Amino acid sequence: MKIKGIFFDVDGTLICHDKGRISENTLKALYALKEKGIRLFLATARHITELKELQIGFPFDGYVLLNGQLCLNAQKQILLANPIEGHDQKQLATLFTTCAFPMVLVEKDRLYINTVTPQVIQAQTAISSKVPPVSSYNNDPFYQCTAFIDEAQAHRLEQTLEDCTITRWNPYGVDIISAKGGKDKGIQAMLTHYNIDVSETMSFGDGQNDMEMLQYTRVGVAMQNADPAVCQIADFVTKSAGEDGIVYALKKYKLI
């Protein structure tokens, strides 16, 4: 089996938030892979500005951002952009403007929130991130929403959206993206750009929003700290992010 491209989720996968950074062992493994000519990509719900905040300075070959809604090459040029549109765009914009519940709108160059609650602070702290600035919507395209709502609220919202999917990443937080998107769709765009076949790919993840990615790539690796549903569909369950699980799996598959 020849692997030419590897996709990494960030939170709980590449970064253990007990440490708040990529471990030295994992960084060494990434550089070893790069020296072998293997393309390395991030596949995350994060915005590019958040990656800077997390001080992820490794030179990745591409960035599948916002759960696949916005994809950039190594030079940060857009390869794919899939904003939320139509009925769902209008409804989410109204919910944001009326402050129905705390919401983050994520545009190409900025992300911002309508109101801040203790639950927002707790959820953002759990992923080593600052609370986005409070701002107003100015009718620009947005690619993802993050809503800080419980299961009942998420279920009610899901019933009213026509073309969006909701995935939970925290007891308080969910991501909302176009149903046309997903990390697997972003990966497809990246593979086309770099002329890599999906049979030559591997991915690492831990959350519900990683499931399509793990199933789409040739080898899908779940972290030991992953959601149980993610572990069930993975080809291999490695050690936790805090135990250099990425390094452990790369050695198992004889990539380093």
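Predicted model: local features only at pLDDT ≥ 70, side-chain atom pairs only at ≥ 80, totals over all residues.
Residues are numbered from 1 along each chain as its sequence is written, and side-chain values use heavy atoms, with hydrogens and water left out.

**View 1. The largest pocket holds about 730 Å³ of space.** Its lining comprises 37 residues, of which Asp11, Ile127, Trp169, Asn170 and Asp206 are the closest to the centre. (On a 1 Å grid over the protein atoms alone, a pocket is an open set of points with protein on both sides within 12 Å along at least five of seven lines, a cavity is a set where a 1.4 Å probe fits but cannot get out, and lining residues have an atom within 4 Å of a point.) Grid points are joined across faces, edges and corners, and a volume is the space filled by probe spheres set on the points. Two or more lining residues come from each of β6 (103-106), α4 (118-126), β8 (144-148) and β9 (164-170), where helices (H or I, at least four residues) and strands (E, at least two) are DSSP runs numbered from the N terminus. By residue class, the lining divides into 13 nonpolar, 13 polar and 11 charged; Ala, Val, Leu, Ile, Met, Phe, Trp, Tyr, Cys and Pro count as nonpolar, Asp, Glu, Lys and Arg as charged, and the others, Gly among them, as polar.

**View 2. Strands β9 and β10 belong to an open antiparallel sheet of 5 strands.** The strand order is β7-β6-β8-β10-β9, two strands being paired if DSSP finds at least two bridges between them. At the edges stand β7 (111-113) and β9, each of which pairs on one side only, and neighbouring strands are turned by 20 degrees against each other on average, direction ignored. Strands β9 and β10 form a hairpin with 2 residues between them and pair over 6 bridges; Asn170 stands opposite Gly173 in β10. Strand β10 also pairs with β8 in the antiparallel sense, over 4 bridges, and there Gly173 is the bridge partner of Phe148.

**View 3. Helices α3 and α5 lie across strands of the 5-stranded sheet.** Helix α3 (residues 86-97) lies across β6, β7, β8, β9 and β10 and runs at about 135 degrees to β6, while helix α5 (residues 151-160) lies across β9 and β10 at about 165 degrees to β9. (Contact means heavy atoms within 4.5 Å; axes are lines fitted to C-alpha atoms, for helices over the stretch in contact, and angles run from 0 to 180 degrees between N-to-C directions.)

**View 4. The second largest pocket has a volume of about 190 Å³.** Among its 14 lining residues, Thr165, Thr167, Ile177, Gly182 and Glu212 lie nearest the centre. Strands β9 and β10 (173-178) and helices α6 and α7 (211-216) each give two or more residues to this lining, which divides into 3 nonpolar, 8 polar and 3 charged.

**View 5. An open sheet of 8 strands shows mixed pairing.** The order of the strands is β5-β4-β3-β2-β1-β11-β12-β13. Because β5 (78-81) and β13 (236-237), at the edges, each have a single partner strand, one side of each is left without a neighbour in the sheet. Strands β1 (residues 5-8) and β2 (residues 39-43) run parallel and are joined by 4 bridges, with Arg39 in β2 as the bridge partner of Gly5. Helix α6 (residues 183-194) packs on this sheet, touching β1, β2, β3 (62-65), β4 (70-73), β5 and β11 (201-205), and its direction makes about 160 degrees with that of β3.

**View 6. Phe8 and Phe204 form a stacked pair.** The structure holds 11 aromatic pairs, counted where rings of Phe, Tyr and Trp (its six-membered ring) have centres within 6.5 Å, with planes under 30 degrees apart taken as stacked, over 60 as edge-to-face and the rest as tilted. The ring centres of Phe8 and Phe204 are 5.3 Å apart and the planes lie at 10 degrees, so this pair is stacked. Phe8 lies in strand β1 and Phe204 in strand β11, so the pair ties together parts that are 196 residues apart in sequence.

**View 7. The largest cavity has a volume of about 50 Å³.** A search of the whole structure finds 1 cavity of 30 Å³ or more. Thr13, Leu14, Ile15, Cys16, Lys19, Arg21, Ile22, Ser23, Thr26 and Ala241 line the largest cavity, and these residues divide into 5 nonpolar, 3 polar and 2 charged.
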